[in-house]
Amino acid sequence: MSSGFDPFFGRTEPSAGSVVETSRVPLWVHDTGGRGEPTLLLGGFTAGHFAFDFVRPLLGTPRRLITWEPRGLGWSACPDPAAEPYSVAVWAEDVAALLDALGLERVQVWALGFGSYIAHRFAAVHPERVGAL
């Protein structure tokens, strides 16, 4: 007997986002648009941007919500880690480059799992760019 539960219902398809050219690497982003100070949603590496798919509709439409895939994951660039090893510091600077490419000076940050390491590093190095963590 089927429960009718579809674990993929409501998921953001990668085609719903776009790859943004930053000064560092191309990064996949889903941006809802909206008004007010944007909220950057940083998911963990096992779920990536999917971690926020079920909560995004509950946050309301006027708010601008931005999810991403860090370098090395999903549709974002996967540069050779031998040239520049992947690290929390590298991903935090990728966040800064992404905000620059999107023309954003400051964001609120909501992070889950491994994304919290990136968020804390970003907030420590760029505190003026974080409205809330």
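Visitor: At roughly what angle do the axes of helix 1 and helix 2 cross?
Guide: This is a predicted model. Helix 1 covers residues 88-102 and helix 2 covers residues 115-125. Their axes come within 8 Å, and the crossing angle is roughly 70°.

Visitor: Are helix 1 and helix 2 parallel or perpendicular to each other?
Guide: The axes cross at roughly 70°. Angles of 65 to 115 degrees count as roughly perpendicular. Helix 1 and helix 2 are therefore roughly perpendicular.

Visitor: Which residues of helix 2 meet helix 1?
Guide: Helix 1 brings Val-88, Ala-89, Trp-91, Ala-92, Glu-93, Val-95, Ala-96 and Leu-99 to the contact. The residues of this contact divide into 11 nonpolar, no polar and two charged. On the helix 2 side stand Tyr-117, Ile-118, Arg-121, Phe-122 and Val-125.

Visitor: How far apart are the end C-alpha atoms of helix 1?
Guide: Helix 1 has 15 residues. At 1.5 Å a residue, they should span 21 Å. The model agrees, because the end C-alpha atoms are 21 Å apart.

Visitor: Is Asp-94 buried or exposed?
Guide: Asp-94 lies in helix 1. Its relative accessibility is 0%. Buried means under 20%, so Asp-94 counts as buried.

Visitor: Which residues does Asp-94 touch, not counting those up to four places away in sequence?
Guide: Asp-94 is one of the buried residues of helix 1. What covers those buried residues includes strand 2 (27-31) and strand 4 (63-69). Asp-94 itself touches Arg-24, Val-25, Leu-27, Trp-68 and Arg-71.

Definitions and conventions: Residues are numbered from 1 along each chain as its sequence is written. This is a predicted model: local features need pLDDT of at least 70, side-chain atom pairs count only at pLDDT 80 or more; totals for chains, interfaces and linings use all residues. Side-chain values use heavy atoms; hydrogens and water are left out. Axes are lines fitted to C-alpha atoms, for helices over the stretch in contact, and angles run from 0 to 180 degrees between N-to-C directions. Helices (H or I, at least four residues) and strands (E, at least two) are DSSP runs, numbered from the N terminus. Angles under 35 degrees count as roughly parallel, over 145 as roughly antiparallel, 65 to 115 as roughly perpendicular and the rest as oblique. Contact means heavy atoms within 4.5 Å. Ala, Val, Leu, Ile, Met, Phe, Trp, Tyr, Cys and Pro count as nonpolar, Asp, Glu, Lys and Arg as charged, and the others, Gly among them, as polar. The expected span of a helix is 1.5 Å times one less than its number of residues. Buried means under 20% relative accessible area, exposed over 50%, partly exposed in between (1.4 Å probe, protein chains only).
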